[in-house]
Amino acid sequence: MQDSFICQQIGKSFTGDGIETHALTDINLTLEAGDFISIIGPSGSGKSTLLSLIGTLDRPTNGTLSYGDQSIHHLKSRELSDFRFENVGFIFQQFHLIPTLTALENVMAPLFGRKVTYDKKERALSLLEKVGLADKAGSLPSQLSGGQQQRVAVARALVHEPKWLLADEPTGNLDTETGEIIFNLLRSLNEEKGCGVLFVTHDPALAERANRKIEMRDGLIIEDRRLVRT
Ligand code: ADP
Ligand code: MG
């Protein structure tokens, strides 16, 4: 159970203009440490909401969320941000790099203001090397292609050595070939480092290449099954 996320009867509603939207209803899930999991489902089915609850960027309206034997859904903001720093890295469809910082500075950015024992620059450089961008350390995001920017984002997500990578349509803005590079990178991090990966995708073929596939519709999990990896 260590390093596993456990969702029990999780619900999430949003209220705006007097209208309540039930984004998630009765989600029961255990995400086991080191797993490689895809989430697929139509637009508006609750995929991003689920990812942000698991990543503690937002809180559930109902239910409980635990990490191992630690209950996390009611932690104070400061404790939550420490939890995130220790355990999760995020990757988004739109990369979300800081445009005024170089690739190297973007990778180091999560470490600012944090006590870290290793040399930040050395670690960031070795991650850029790992994603094949050692020669782009001094480049600004605007000087990089979409695929290169996403590789910088992957390096940034790894800089604090998280146990989990949460990726919301990480290949959604990339062509097939570049998407394949990012997907293979996530897979190798999972296989070599044992980093748990939970990724959202629109692509049915990609979803089938995970170890476990979760399918959502209208805020519900309609299918959750183990896959034989090909
Ligand atoms: P998906 O990622 O599968 O496209 P989302 O998780 O983004 O779906 O959204 C699920 C539902 O929750 C949608 O109906 C969406 O409009 C609603 N929703 C998501 N975030 C918010 C928010 N911050 N405020 C209001 N409604 C939201
Ligand atoms: Mg989404």
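Which residue in β10 is the bridge partner of Arg-217? The legends below take us to that spot and then to several others in this predicted model.

**View 1. A hairpin built from β9 and β10.** The residue to look for is Leu-220, the bridge partner of Arg-217 in β10. Strand β9 covers residues 212-217 and strand β10 covers residues 220-226. The two pair in the antiparallel sense, over six bridges. Two residues sit between the strands, and Asp-218 in this turn has a positive phi of about 50 degrees.

View 2. Seven helices and 10 strands make up the secondary structure of the protein. The C-alpha trace spans about 45 × 40 × 40 Å along its principal axes. A compact globule of 230 residues would have a radius of gyration near 17 Å, and the protein agrees with this because its value is 17 Å. Of the 230 residues, 40% count as buried. If you take the contacts with a separation of 6 or more, 69% of them join residues 24 or more positions apart.

**View 3. The shell around ligand 1.** Which residues surround the ligand? They are Phe-14, Gly-16, Thr-21, Ala-23, Gly-41, Ser-43, Gly-44, Ser-45, Gly-46, Lys-47, Ser-48 and Thr-49. The elements that give two or more residues to this shell are β1 (5-16), β2 (19-31) and α1 (47-54). The largest share, three residues, comes from α1. Sorted by class, the shell has two nonpolar, nine polar and one charged residues.

**View 4. Helix α1 and the residue that follows it.** Is α1 mostly enclosed or mostly open? Six of its eight residues are buried, so the helix is largely enclosed by the rest of the structure. The buried residues of α1 are Lys-47, Thr-49, Leu-50, Leu-51, Leu-53 and Ile-54. Just after α1 comes Thr-56, with a positive phi of about 55 degrees. Thr-56 lies in the loop between α1 and β4. Although it is a loop residue, Thr-56 counts as buried because it has 21 C-beta neighbours inside 10 Å, and the cut-off for buried is 20 or more.

View 5. Asp-17 is found in the loop between β1 and β2. Asp-17 counts as exposed because it has 4 C-beta neighbours inside 10 Å. The C-alpha atoms of Asp-17 and Trp-164 are separated by 36 Å, and these residues are 147 residues apart along the chain. His-96 is in the loop between β6 (88-92) and α3 (103-108). Its phi is near 55 degrees, a positive value in a residue other than glycine. With 13 C-beta neighbours inside 10 Å, His-96 counts as partly exposed.

**View 6. An open sheet of four strands.** The order of the strands is β2-β1-β4-β5, with antiparallel pairing. Why is one side of β2 and of β5 left without a neighbour in the sheet? β2 and β5 (70-71) stand at the edges, each with a single partner strand, so each has one side without a neighbour. Strand β4 (residues 62-67) is joined to β5 by two bridges. Look here for Ser-66, which stands opposite Ser-71 in β5.

**View 7. Strand β8 and its parallel partners.** Five of the five residues of β8 (residues 196-200) are buried, so this strand is largely enclosed by the rest of the structure. Gly-196, Leu-198 and Val-200 point one way, while Val-197 and Phe-199 point the other way. Strand β3 (residues 36-40) runs parallel to β8 and is joined to it by four bridges; here Ile-39 has Val-200 as its bridge partner. Strand β7 (residues 164-168) also pairs with β8 in the parallel sense, over five bridges. In that pair, Trp-164 has Gly-196 as its bridge partner.

**View 8. The largest nonpolar core.** This core has 60 residues. Those with the most contacts inside it are Val-107, Leu-128, Ala-155, Leu-165, Leu-166, Val-197 and Leu-198. Helix α5 (residues 146-158) gives the largest share of the core, six residues. Leaving aside its neighbours within four places in sequence, Leu-166 is in contact with Leu-51, Ile-54, Gly-55, Val-88, Phe-90 and Leu-198.

Notes. Residues numbered from 1 in each chain as written. Chains lettered and ligands numbered in written order. Predicted model: local features only at pLDDT ≥ 70, side-chain atom pairs only at ≥ 80, totals over all residues. Near = placed C-beta within 6 Å. Nonpolar A, V, L, I, M, F, W, Y, C, P; charged D, E, K, R; others polar. Buried ≥ 20, exposed ≤ 12 C-beta atoms within 10 Å, placed from the backbone. Pairing = 2+ DSSP bridges. Core = buried A, V, L, I, M, F, W, Y, C linked by C-beta atoms within 7 Å. Contact = placed C-beta atoms within 7 Å. Rg over C-alpha atoms; globule rule 2.2 N^0.38 Å.
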